[in-house]
Amino acid sequence: MEAYKQEFVDFMLDSKVLKFGDFTLKSGRKSPFFMNAGLYVTGTQLTKLGEYYAKAIHDTYGDDFDVIFGPAYKGIPISVTVAMAYSRLYGQEKRYCSNRKEAKDHGDAGILLGSPIKDGDRIIVVEDVTTSGKSMEETIPIVKAQGDVTIVGLMVSLNRCERGKGDKSALDEIKELYGFDTSAIVSMNEIVDYLVQKGVIDDELKARLDAYYAEYGVK
């Protein structure tokens, strides 16, 4: 696993964004871990978060894109900090754009925040984590309605490596449904391997994680 991915795992733990315990997810699944990207709240945390996303996007998709789109609401600060990180790390100006939940009819009117999207734009979508793909059902029509654009790919912070609506992971379901690539800074499989080696995950927790993925994991 690349060094920046290991640093990102440590960063998630230090920020208490990734926790191990007993959690009931919105899906009703009983999970031994939980990730809450809403806990990135300080300037330092957001700066680092943007850099990890930027490095993952650079490594996965390259630099041939124009806009970083963050779906409301958690995607809004992510898109801003990633655009700033891309300028800082790679000297490239990428525009940020996000959507509003409800269109504004005065002042800076419309459904979008940040940069307009125009014909020919190539777009990277950034999100915290995808479990069901529901946010993409709302996001993709909004982006596509702006013009003749290309969605290069989706980057999330964590691939939970578990089934979405069917037998495939949510990221694979999105890729199959919409036809663009999907990726994550790090996968739960990588996290578990790394933290077992570090001694953070003990035998009891590893057994619970194995049981969870035996039931809900992607085959």
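**Ground rules.** I worked on a predicted model, where local features need pLDDT of at least 70, side-chain atom pairs count only at pLDDT 80 or more, and totals for chains, interfaces and linings use all residues. I numbered residues from 1 along each chain as its sequence is written, and side-chain values use heavy atoms, with hydrogens and water left out.

I took helices (H or I, at least four residues) and strands (E, at least two) as DSSP runs, numbered from the N terminus. I looked up strand 1 (residues 18-24) and strand 2 (residues 30-35) and found them antiparallel, joined by five bridges; two strands pair if DSSP finds at least two bridges between them. F20 stands opposite F33 in strand 2. Five residues lie between the strands of this hairpin, and G28 has a positive phi near 95 degrees.

**Entry 2, strand 8 and S183.** Strand 7 (residues 150-159) runs parallel to strand 8, and six bridges join them. I located S183 in strand 8 (residues 181-187), with M155 opposite S183. Is S183 buried or exposed? S183 is buried, because its relative accessible area is 17%; buried means under 20%, exposed over 50%, partly exposed in between (1.4 Å probe, protein chains only). Leaving aside neighbours within four places in sequence, I listed the contacts of S183 (heavy atoms within 4.5 Å) as T60, Y61, L154, M155, V156 and L171. Strand 8 is mostly covered, with six of its seven residues buried.

I noted M188, I191, V192, Y194 and L195 as the buried residues of helix 6 (residues 188-198). Their cover includes helix 1 (3-14), strand 1, strand 2, strand 7, strand 8 and helix 7 (203-216). Just after helix 6, G199 takes a positive phi of about 85 degrees.

I found helix 2 (residues 43-61) packed on helix 3 (residues 75-90) at an angle of about 70 degrees, with the axes 7 Å apart. Axes are lines fitted to C-alpha atoms, for helices over the stretch in contact, and angles run from 0 to 180 degrees between N-to-C directions. Helix 2 and helix 3 are therefore roughly perpendicular to each other (65 to 115 degrees; under 35 is roughly parallel, over 145 roughly antiparallel, the rest oblique). Among the residues that meet are L46, L49, Y53 and I57 in helix 2 and I78, V82, A85 and L89 in helix 3.
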